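Subject: Structure handover

Hi,

Here is the structure we talked about. Please open it and follow along with the notes below.

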Amino acid sequence: MTKAVLWTAQDAQTATGGKTSGDWTVSGISIDSHKVTKGDLFIALKGPNFDGHTFAQAALDAGASAVMVDDATGITDPDKILLVDDTMAALNRLGDAGRARSNAKIVAITGSVGKTGTKEALKYVLSQQGKTHASPASFNNHWGVPISLATLPVDAQYGVLEIGMNHPGEISPLVKMVKPSVAMITTVVGAHTEYFKDEAEIAMAKAEIFDGLDKNGAVILNRDNLHYFALARRAKELGLTDIKSFGTDAVANYRLFEANIVNDGSAVRARIDGHELEYFIGCPGEHWVVNSLAVLGCVAAIGADVERAARDLADVTPPAGRGETSTVKLPSGNGTFTLIDDAYNANPTSMMAGIKVLAQSKPAEGGRKIAVLGDMRELGDDAVKMHADLHHPLTSLAIDRVYCVGPLMAELDKTLPDAINAGHFETADAAIAPIKADLKPGDVVLIKGSLGIYVSKIVSALKSGGVVDKPAPQ
């Protein structure tokens, strides 16, 4: 299937202010020469430890239609060069141009946890109603957002963009590029606390997502979150009046009445803008239930069909690394176990959510509930205590075995009862063999940790025996 043209040489030249002698067209954008596909525009970005210009010719050799560079040294085909003053600045201009030419209704999503899963769920239900574009993976930073806008198809009806941050002041310039119709904050909790004085400061950094919202745009907030009133007040200070909320609170616009959480999802009864709905979301866990309310709130706010979206939530499953559940063959080949891959990231709130999902799971006869927990990063001075305190939910929720991975998880290892402590390992690699040797038929295994501790290696190692069944990708 031929991909649609995203940018012509002339359009890209006009948008970026660059110069090209070629007559090429591109159907995608890449900043990684190893992931270039035929028809891409490769953008040679620079960072503290890399320079994409080194790989520009390799990108062309791999099938890129053109390269955007600020130094053409070493490139053998001058007709495939878009020469700009600065590649990062030019990418921003390309993103601005992509947004300016689009009439899509765009939802911008941020929050301490749940951004990517909520984005993917919203993308799926909207895509059943019209052409929908969304941020790839976690393209939510200073280069991910302009790439998401630069790849926004001209004829898209809806857009769903994730915006993240680690420091104050990072969201505001990004959301001003996005110009969303709806701004939604999943929740505010203690993530990235290493860079903030307290949670209130985190909340105000998240509130920067209001900065790019049109005065007639909608704000959607978590009514159950401690920072709801501060966020709503900030929105009002900016002249925003359409403020909606989701959660269990009696006055929430998108209110949860009850949920029945099972292995393969959650049955929900809720009220959305005054209308009662019953639906099923193919993701187990209280956090998915609450965020499904936010998804339907966003659908309502942009004028799409809420009842259809609620039905389509049944087809939504957790993305890889964020709660994806698979049935996997045991290393011995005799039997299977259930793997919950939540290895992409972790903070105390998301760790608690993952442990609850494991606690609510139902192992087969003889199976156990096993948690493989890696370090939670960027927690600042409270990191030691936050890791040690995990023994409370693990013991109260009757988790059978716990593997601790990483230097900080040594603190949890010290506090765990011997009956459930399966040992501490400094690295993910060191934990793989003992975990494989310990697995039994019917076990349910949760793997959770921050990206930098690489517990995803354990996921890959366990899956290497063969995945029997896993959800179809959305």
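Two strands pair if DSSP finds at least two bridges between them. Keep that in mind for the sheet. Note also that this is a predicted model.

**The sheet**

Strands of a sheet pair through backbone hydrogen bonds, either parallel or antiparallel. Here, nine strands form an open sheet. Their order is β10-β11-β9-β12-β13-β14-β15-β16-β17, and the pairing is mixed. Which strands stand at the edges? They are β10 (132-134) and β17 (275-281). Each has a single partner strand, so one side of each is left without a neighbour in the sheet. Neighbouring strands of this sheet are turned by 20° against each other on average, direction ignored.

β10 pairs with β11 (residues 158-162) in the parallel sense, over three bridges. Within this part, Ala134 stands opposite Val160 in β11.

**The cysteines**

Cys283 is buried, with a relative accessible area of 0%. Cys298 also counts as buried, at 0% relative accessibility.

Find Ser361 in the loop between α11 (348-360) and β20 (369-374). Is Ser361 buried or exposed? Its relative accessibility is 9%, so Ser361 counts as buried. Leaving aside neighbours within four places in sequence, Ser361 is in contact with Asn263, Lys369 and Val444.

Best wishes

Note on methods
Residues numbered from 1 in each chain as written. Predicted model: local features only at pLDDT ≥ 70, side-chain atom pairs only at ≥ 80, totals over all residues. Heavy atoms only, no water. Buried < 20%, exposed > 50% of the residue type's maximum accessible area, 1.4 Å probe, protein only. Helix = DSSP H or I, 4+ residues; strand = E, 2+ residues; numbered from the N terminus. Contact = heavy atoms within 4.5 Å. Axes fitted to C-alpha atoms, helices over the stretch in contact; angles between N-to-C directions.
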